[in-house]
Amino acid sequence: MSAKQGKHKYGMVINLDKCTGCGTCTVACAAENNLSVIKDETDKQRTISWMQLFKVTNGKPFPDTEVSYFPRPCMHCHYHTPCVSVCPPTATEIDYNTGIVSQIYTRCIGCRYCQAACPYQARYFNWWDGHFPKGTERYLSPEVSVRMRGVVEKCSFCHHRLMRAKTQAYAEGRRELKDGEYITACTEACPAGAIAFGDLNDPNSEVAGLSKHPHAFRLLERLGTEPKVYYISSKDWVRRMADNYRPDEFQPL
Amino acid sequence: MENQSNASEKNSKGGSREWSELLNSTFLPPFSLKGWLFFLAGLVPALIAGWVIFPMVLYSSQEQPFNFSHVIHADPDIGIGGDTELETCLYCHYFRDDGTFAGIPDLYACTMCHDDPEYPMGDSEDEMIFLEQYVAEDKEVPWLVYSRQPDCVYFSHIAHVKMGEMDCTTCHGDFGQSEKPPAYKQNRLSGYSIDIWGRNIAGFKTDTWDRMKMSDCAECHTEMGHEENNACFVCHK
Amino acid sequence: MEITRRNFIQLLAGGAAGIHITPVPWKMMDDIAIWTQNWPWVPVPERGRFDHERSVCSLCPGGCGIEVRKVADRAVKIEGREDFPVNNGGICPLGAGGLQLLYDETIRFTSPMKRVGPRGEGRFLPVSWSEAVGTLAERIQALRKDNRPEALAAVDGSRPGTASEGLVKRLLQAVGSPNCYSMPSIQNTYQTANLLMQGNAGPMAYDIENADFVLSFGCALIEGWGAPARVIGAWGRWREDSKAKGPKVVQVESRASNTASKSDAWIAARPGTEAALALGMAHVMISENLVDRSFLFNYTHGYEDWIDEEERPRKGFKTMVLESYSPDKVAGITGVAADRIIALAREFGKAGAPLALYGKGKGNLNGSLLECMAVQALNALKGGVNTPGGAVVQQGLPLAPWPDVETDPVARQGLYGGRLGTAGDSRLPFAESSIENMVEAVMQGGGASPVDTLLVFGANPVFTLPDGGAFRKALTRIPLIVSFSPYRDETAAMADLILPDHTALEKREEIVWPTGLQYPFLGLSKPVVRPVYDTRHMGDTVIAVAKKVGGPVADAFPWRRFEDALKARLKGLAEARGLTSWDGSKPVWKTFAEGRPVSPDYDSFDDLWKKLDSGGFWYEPTHDFHDLSTCFGTPSGKFEFACGRLEQAVKEAARGGDAKTLLHRMGIEARGDDAYMPHYETVLSADAGGDTLVLVPYEMFNHSTDWLPNPPFLTKTIFDNQLRRDESFAEVNPETAAGHHLKEGDRILIQSDAGEVKVRVHLFEGAMPGHIYLPLGFGHTAYGVYQKDKGVNAAKLVAGKKDPLTGRTVWWATSVRVKKT
């Protein structure tokens with residue numbers, strides 16, 4: 001299995017041992033990317049959250065119960081990207097030079113085929129035009145366009161921050177970015193420093209190292225979609241959650 | 001087929017038989033001469049409506065708040081200039097420290113020179129409008145921006161001008177030579193400026209700055225050998 | 001010429017053919033497609049120059065440095081500052097969602113208002129500032145004229161030690177009312193415990209980063225306790241596998257919270273029995289000689305049995321613990337197995353720098369004084385007091401005092417005799433200003449309320465007080481309620497007059513010593529945006545009211561505005577030896593542990609102010625760990641297991657009477673010398689058990705549980721087994737649920753003595769059997785559509801005992817009945 005190799009391959013490593021499940025990533029993402037707010041945000045079939053927290057428990061009885069969290073952005077699958085291959089109007093596409101899977105709202109026809117195709121449920125449909133509590137349209141960032149009704153949206157790895165970093169680099173007369181110059185809003189905000197972000201193609205980057213950690217794994221890895229979001233957990237029961245294993249199939253460390 | 005031959009029989013009366021035969025021998029519909037006259041009576045006004053009236057109706061035309069002369073301003077004698085044409089432009093349309101492009105200068109930039117509303121630099125009426133209505137009131141001038149891309153578009157000036165070494169004129173034409181800003185024409189349906197949406201209603205392009213649609217960006221990227229920049233997210237946000 | 005139908009069709013065909021060879025259809029197709037992409041009601045964010053403003057977040061006492069990203073003078077994002085010693089780049093969900101608290105018009109007061117509808121309905125009409133200030137000033141003048149200045153009362157949610165808090169206290173003092181009440185918080189508990197055991201009412205300063213064994217009794221370490229970004233940042237470092245391993249972290253809590261789950265070990269003790277667990281551990285440590293004997297011998301009082309001034313033999317802590325807190329007995333109280341207690345005590349006793357932390361959830365509400373003291377006793381047993389990696393003895397920030405208030409006879413009379421209720425008197429000598437007592441006093445008797453005018457600052461007691469709704473009832477008896485809240489909260493909805501304060505990003509405010517931080521720290525926020533609405537800094541309003549009242553009240557405020565008063569206090573920092581910048585090369589906790597003095601990076605107050613204004617913080621990254629013989633301000637000059645100050649207070653109050661009765665009224669059932677030492681008092685009333693469950697409300701980090709409204713972004717992080725479609729979920733252990741015939745998702749009625757709520761059941765193995773867990777912060781009846789009517793407010797069910805000595809509510813255990821609906 002091989003995917004096209006581009007110049008950069010941006011990816012993320014989330015250390016679940018460090019993750020406290022605080023939700024700062026979700027909120028920072030929403031604030032960074034002009035996420036719409038609906039009246040009932042607890043309606044998980046309607047709400048939009050690019051970086052969504054999933055809570056898991058080890059299922060053991062009291063007092064041996066443990067909970068853990070999976071923060072779930074878009075996985076930016078590198079091989080046979082499921083959403084890209086089904087999108088009729090090419091509104092979503094993978095750019096092999098960055099590895100980022102784009103979503104162009106003005107091109108999206110709202111068929112929701114990609115939503116059905118995504119194994120990670122990372123895609124969200126706008127049932128309404130972008131809505132913001134009265135007065136809060138003043139905090140909207142011009143770096144990300146506000147979505148209209150009837151289109152699908154998802155995590156963009158804060159692509160505009162890549163553009164921001166590049167613009168800064170160009171101003172300083174550089175063409176290449178240094179490791180850490182382009183990071184996503186969730187990476188920056190995480191108070192536990194659980195999220196690392198960078199170029200997986202750069203052998204010296206932090207993420208390239210972390211992605212090879214013995215405790216590193218990906219969600220539904222055996223689908224072969226080559227997600228660029230890695231997780232690290234020292235706990236077997238957490239790692240086991242990442243895929244549908246038959247009994248005796250999972251290999252504990 | 002049968003119907004058609006019946007119809008041509010019905011039409012083949014009178015002296016226009018040759019005409020009709022001639023016309024009927026082509027792919028054209030089997031009209032009588034009178035029929036053709038009516039056809040043309042429909043066709044010609046439609047053409048006029050489509051080619052002449054439609055463009056006039058489709059685009060609204062607005063004047064800028066007051067007249068601004070690039071010729072007067074881009075003058076080394078008054079201190080605005082540079083070694084190259086580009087540098088002259090950058091004097092007012094500059095890059096900020098973070099690399100973003102300032103675009104049309106804000107009031108603050110203008111008041112570097114036009115600092116006192118009581119003392120105009122020249123003797124034009126337009127400068128008085130500027131000083132009295134904007135400088136004195138500390139109000140930004142609501143310039144109409146000819147080349148503003150829609151909200152879904154991300155465009156990096158520094159990538160093109162500094163790294164790509166492109167001239168301003170490639171996209172903006174010879175605005176810098178203008179004495180009076182042209183009327184701002186806005187598409188009533190899409191809300192886009194004619195300068196990005198295509199000056200020629202038929203879509204023909206004579207100069208590089210006639211249009212700045214997605215296809216134009218992509219065409220240039222491809223021509224310059226930067227096909228990788230045709231990825232969606234490079235220009236969309 | 002005859003025009004036939006055929007000709008007409010030919011004309012149309014000509015027209016149709018013609019239009020297709022013009023741009024009309026093709027251009028229209030394109031333009032209409034574009035038109036559908038640009039609906040005028042979908043906002044297009046204005047472009048402009050990007051800017052950054054560095055400031056300090058003042059939403060909670062966590063003291064995080066923030067950088068506000070701005071576009072064309074609009075704030076668009078709040079991010080953490082990396083040049084800031086407390087959070088070092090991190091931020092919390094509330095901080096990240098803070099802009100929704102600034103710009104959301106539906107939750108804010110846009111100008112001063114007066115009430116027009118019935119109380120609680122929230123209908124107001126705008127009034128001018130001069131009218132609003134005038135109305136309040138006239139009322140105060142009238143009270144003073146009637147010689148009852150004490151009928152002015154205040155509830156103040158401002159953080160202790162800030163200029164805001166000082167100004168409110170000062171206003172009441174100058175007017176002549178002793179009735180200034182602060183909102184409960186863990187900081188009160190810490191200060192009182194420190195006063196009794198260490199002799200100074202300084203802040204609790206835990207040197208967590210330098211400890212090698214962290215035992216947390218109930219602190220929501222990674223869910224908002226203390227300075228959240230500091231603790232979570234440390235937590236992240238500890239889980240960094242390649243670097244040096246961090247301390248072992250053990251959490252004592254009854255529910256599998258995030259902190260409990262992510263800790264190295266979880267000890268599930270019944271809520272409210274933490275003190276017993278600590279004392280049980282003490283038993284093991286003492287009997288196995290795992291204590292710091294030199295510290296105990298030299299610097300503590302009341303560890304061994306002792307002889308008092310009257311030559312009577314007195315029981316020491318050691319004897320009490322060995323007699324009354326054997327692991328087996330403690331296992332019975334706490335539900336933690338005896339061998340688990342022994343193992344934990346051994347681990348704690350053998351660690352090099354163990355640290356026992358006390359807390360209750362996030363710390364927005366009060367803790368239990370005796371529990372806090374029992375936990376601090378554990379630190380003392382290991383000599384972990386005023387040492388690196390221990391509980392550091394701190395005196396508070398060196399702020400300059402304001403000039404004394406010159407009171408007139410009216411004020412003096414009010415201050416002397418006008419105190420409401422029992423706070424601070426013989427019954428509750430260490431409850432400085434317990435709001436529960438104000439409520440009691442207002443509700444007592446059939447006559448007029450002793451409080452005529454109530455001022456509410458930065459607090460929403462109607463919603464947040466876990467009092468079963470008593471505060472709201474008390475408000476209905478108070479003739480005039482004035483709210484200074486910028487938000488349309490439940491308490492403001494009951495108010496008659498609104499004098500709205502600025503919100504966090506619009507105002508200057510200090511963060512005095514983030515909760516639990518080991519080193520002295522002051523953050524200073526600055527306005528990063530111009531006030532969005534017609535609001536005023538509450539400090540400015542207080543000064544304006546005082547000036548309007550005139551006379552000695554006006555004279556007590558020799559400042560033009562808040563900033564002058566603030567500067568007067570901060571002058572004290574200029575005398576101290578602190579720093580105003582941090583280069584990020586070395587964490588402050590490392591410098592702190594080295595204890596080397598630093599030279600200040602400012603040379604005058606003006607210089608300090610300039611640096612505070614631009615940098616936003618002042619701190620002292622050093623400490624003298626060697627002054628153990630002088631740092632305790634207790635009667636014995638030592639760390640006191642047997643609290644002299646407490647005994648003295650009881651003796652004074654009992655003067656001639658029976659100490660036993662008095663102790664009982666204080667909520668203390670222990671007898672003899674035990675009463676003056678950290679000991680365990682039962683929490684639940686006798687009727688607990690049987691068919692009832694114990695309700696334990698809990699705080700969430702990703703939801704605003706105090707007086708601030710919840711930014712809607714945070715609701716995105718709520719799981720749908722906590723709140724779904726406006727229904728709250730209560731966590732119940734599957735085993736307990738089976739006993740009550742409950743299934744996942746069942747709708748139940750929870751009834752307590754205070755009230756009842758309808759919720760749904762979520763089966764959670766991590767919930768302690770016999771207990772039922774309900775998140776706090778839901779069930780608002782005010783603010784906007786994004787906050788209102790979502791779930792139920794657990795605080796309204798709380799009906800428990802009062803915490804001994806402090807009189808604060810025991811909100812962590814209420815017995816309730818559960819009925820399926």
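Two strands pair if DSSP finds at least two bridges between them.

For the complex, the predictor reports an ipTM of 0.96 and a pTM of 0.93. Chain A has an average pLDDT of 94, with 99% of the residues at 70 or above. Within chain A, strand 1 (residues 10–15) has the highest confidence, at 98, and helix 7 (residues 236–240) has the lowest, with a mean of 95. Chain C comes in at a mean pLDDT of 93, and 97% of its residues reach 70 or more. Why care about such scores? Because where pLDDT is low, the predicted coordinates should not be read in detail.

Now turn to chain C as a whole. Along its principal axes, the C-alpha trace spans about 135 × 65 × 60 Å. Of the 821 residues in chain C, 61% are buried. The chain also brings together parts that lie apart in sequence: take the contacts between residues at least 6 apart, and 72% of them join residues at least 24 apart.

Here's where the opening rule comes in. Which strands of chain C pair with strand 30? One of them is strand 24 (residues 693–698), which runs antiparallel to strand 30 (residues 814–820) over three bridges. If you look for Val694(C), you'll find that its bridge partner in strand 30 is Ser815(C). Strand 27 (residues 747–751) of chain C also pairs with strand 30 in the antiparallel sense, this time over four bridges. There, Ile748(C) stands opposite Lys820(C) of strand 30.

While you're in this part of chain C, look at the loop between strand 29 (771–775) and strand 30, where Leu805(C) is found. Its phi is near 70°, a positive value in a residue other than glycine. Is Leu805(C) buried or exposed? It has 25 C-beta neighbours inside 10 Å, so Leu805(C) counts as buried, given that the cut-off for buried is 20 or more.

You'll find Glu165(B) in the loop between helix 8 (157–163) and helix 9 (168–172) of chain B.

Back in chain C, Ala377(C) sits in helix 15 (residues 369–381). With 26 other C-beta atoms within 10 Å, Ala377(C) is buried. Who surrounds it? Apart from its neighbours within four places in sequence, Ala377(C) is in contact with Ala278(C), Ala282(C), Phe317(C), Phe641(C) and Pro678(C). Glu699(C), by comparison, is 322 residues away from Ala377(C) in sequence and 27 Å away in space, C-alpha to C-alpha.

Next, see how the chains touch. How many residues of chain C are in contact with chain A? There are 67 of them, and they meet 58 residues of chain A. Several elements of chain C give two or more residues to this side, including strand 3 (74–80), helix 8 (228–238) and helix 28 (712–715). By class, the side of chain C that touches chain A has 34 nonpolar, 17 polar and 16 charged residues.

Chain A also touches chain B, with 19 residues of chain A in contact with 19 residues of chain B. On the chain A side, the elements that give two or more residues are strand 4 (92–95), strand 5 (100–103) and helix 4 (159–171). Helix 4 gives the most, with seven residues. Sorted by class, this side of chain A has seven nonpolar, eight polar and four charged residues.

One last stop in chain A: a cis peptide bond joins Phe62(A) and Pro63(A), with omega at about 0°. To find it, go to the loop between strand 2 (52–57) and strand 3 (67–72) of chain A, which is the place of Pro63(A).

Technical notes
Residues are numbered from 1 along each chain as its sequence is written. Chains are lettered from A and ligands numbered from 1 in the order in which they are written. This is a predicted model: local features need pLDDT of at least 70, side-chain atom pairs count only at pLDDT 80 or more; totals for chains, interfaces and linings use all residues. Two residues are in contact if their C-beta atoms, placed from the backbone, lie within 7 Å. Ala, Val, Leu, Ile, Met, Phe, Trp, Tyr, Cys and Pro count as nonpolar, Asp, Glu, Lys and Arg as charged, and the others, Gly among them, as polar. A residue is buried if 20 or more other C-beta atoms lie within 10 Å of its own, exposed if 12 or fewer, and partly exposed in between; C-beta atoms are placed from the backbone. pLDDT is the predictor's confidence in each residue, from 0 to 100.
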